[in-house]
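Me: Can you walk me through this one? I'll ask as I go.

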Amino acid sequence: PKCKICCDTLLYKGKPCRCIKSYVYEKAYGCENIAGLKESFENSNLQIFDDSAEISLGQTQRSRYLLLEDNVKKWAENYPNNVKRNLFFLCATGLGKTYLARCLAKKLWEKGADVALINAVSLFENFLANRLDSGYNLKMLLDADTLIIDDLGTEPMNQNVTVEYM
């Protein structure tokens, strides 16, 4: 069997297995294929971050990335027993937010979690489809154990969708 959890029955403990959920996330909602991600905390390349120029409050790009990476790693290690249920990465462009979101998704997947990783534009396209077609079902996506939204804030503003759905 391809799936070692459900042995390709698509069910685990009477519920849809994460293998079928992942397939639906990818094909129906435009999410990333988590199993196929190459990013990992172990493969971080610190050389791409400048360690000489201060960007703010005495921090360099590299020190800012390392701080963010450390927080994300700790959150992943404690999953699903985190005191804080949500993470929000807020920093300048080019500091590794997307890379760390992908690392987090991969790590949680390896721990057996049901993970949906989607960029904000795709997420809001799904919201718009739901708004325009009441039969368009978002339930499976919104019921993921962990929903990781990349590039939140880059999505277009659609009346009666963007603010209302978020």
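Notes on the model

Me: Where is glutamate 39 found?
Reply: Glutamate 39 sits in the loop between α1 (18-29) and β3 (54-56). Helices (H or I, at least four residues) and strands (E, at least two) are DSSP runs, numbered from the N terminus.

Me: Before going on, what kind of model is this?
Reply: This is a predicted model, in which local features need pLDDT of at least 70 and side-chain atom pairs count only at pLDDT 80 or more, while totals for chains, interfaces and linings use all residues. Residues are numbered from 1 along each chain as its sequence is written, and side-chain values use heavy atoms, with hydrogens and water left out.

Me: Back to glutamate 39, buried or exposed?
Reply: Glutamate 39 is buried, at a relative accessible area of 18%. Buried means under 20% relative accessible area, exposed over 50%, and partly exposed in between (1.4 Å probe, protein chains only).

Me: What is glutamate 39 in contact with?
Reply: Apart from neighbours within four places in sequence, glutamate 39 is in contact with Tyr99, Arg102, Cys103 and Lys106. Contact here is heavy atoms within 4.5 Å.

Me: And which residue forms a salt bridge with glutamate 39?
Reply: Arginine 102 does, with the closest N and O atoms 2.8 Å apart. The pair links distant parts of the chain, since arginine 102 is in helix α3 and glutamate 39 in the loop between α1 and β3, 63 residues apart. A salt bridge is a side-chain nitrogen of Lys or Arg within 4 Å of a carboxyl oxygen of Asp or Glu. Arginine 102 is buried, as is glutamate 39.

Me: Why would side chains like that pair?
Reply: Side chains of opposite charge can pair when their charged atoms come close.

Me: How many salt bridges does a search of the whole structure find?
Reply: Ten salt bridges. One of them joins the side chains of glutamate 26 and lysine 27 (3.9 Å, N to O). Glutamate 26 is partly exposed, with a relative accessible area of 27%, and lysine 27 counts as exposed at 56%.

Me: What about glutamate 110, which side chain does it meet in a salt bridge?
Reply: Lysine 107, at 3.9 Å from N to O. Glutamate 110 and lysine 107 are about one helical turn apart because they are three residues apart in helix α3. Glutamate 110 counts as exposed at 53% relative accessibility, and lysine 107 as partly exposed at 25%. There is also a network, in which salt bridges that share partners join Glu32, Glu39 and Arg102.

Me: Changing topic. Which residues in α1 are buried?
Reply: Arg18, Lys21, Ser22, Tyr25 and Tyr29. Down the axis of α1, the buried residues fall within an arc of 100 degrees, so they line one face of the helix. That arc is taken from the directions from the helix axis to the C-beta atoms.

Me: What do they pack against?
Reply: The buried residues of α1 pack against β2 (15-16), α3, β5 (115-119), α4 (120-132) and α5 (139-142). After α1 comes glycine 30, with a positive phi near 85 degrees.

Me: Where does arginine 85 lie, and what does it touch?
Reply: Arginine 85 lies in the loop between α2 and α3. Not counting residues up to four places away in sequence, arginine 85 touches Trp75 and Pro80. The side chain of arginine 85 reaches the backbone oxygen of proline 80 at 2.9 Å. Arginine 85 is partly exposed, with a relative accessible area of 48%.

Me: Phenylalanine 88, buried or exposed?
Reply: Phenylalanine 88 is exposed, at 64% relative accessible area, and is found in the loop between α2 (61-78) and α3 (97-110).

Me: Last topic, the whole chain. How many helices and strands?
Reply: Six helices and six strands, running β-β-α-β-β-α-α-β-α-α-β-α from the N terminus. The C-alpha trace spans about 50 × 45 × 30 Å along its principal axes. Of the 166 residues, 37% count as buried. Among contacts between residues at least 6 apart in sequence, 66% join residues at least 24 apart.

Conventions: Polar contact = N/O pair within 3.5 Å; in protein donor to acceptor, adjacent residues only side chain to side chain.
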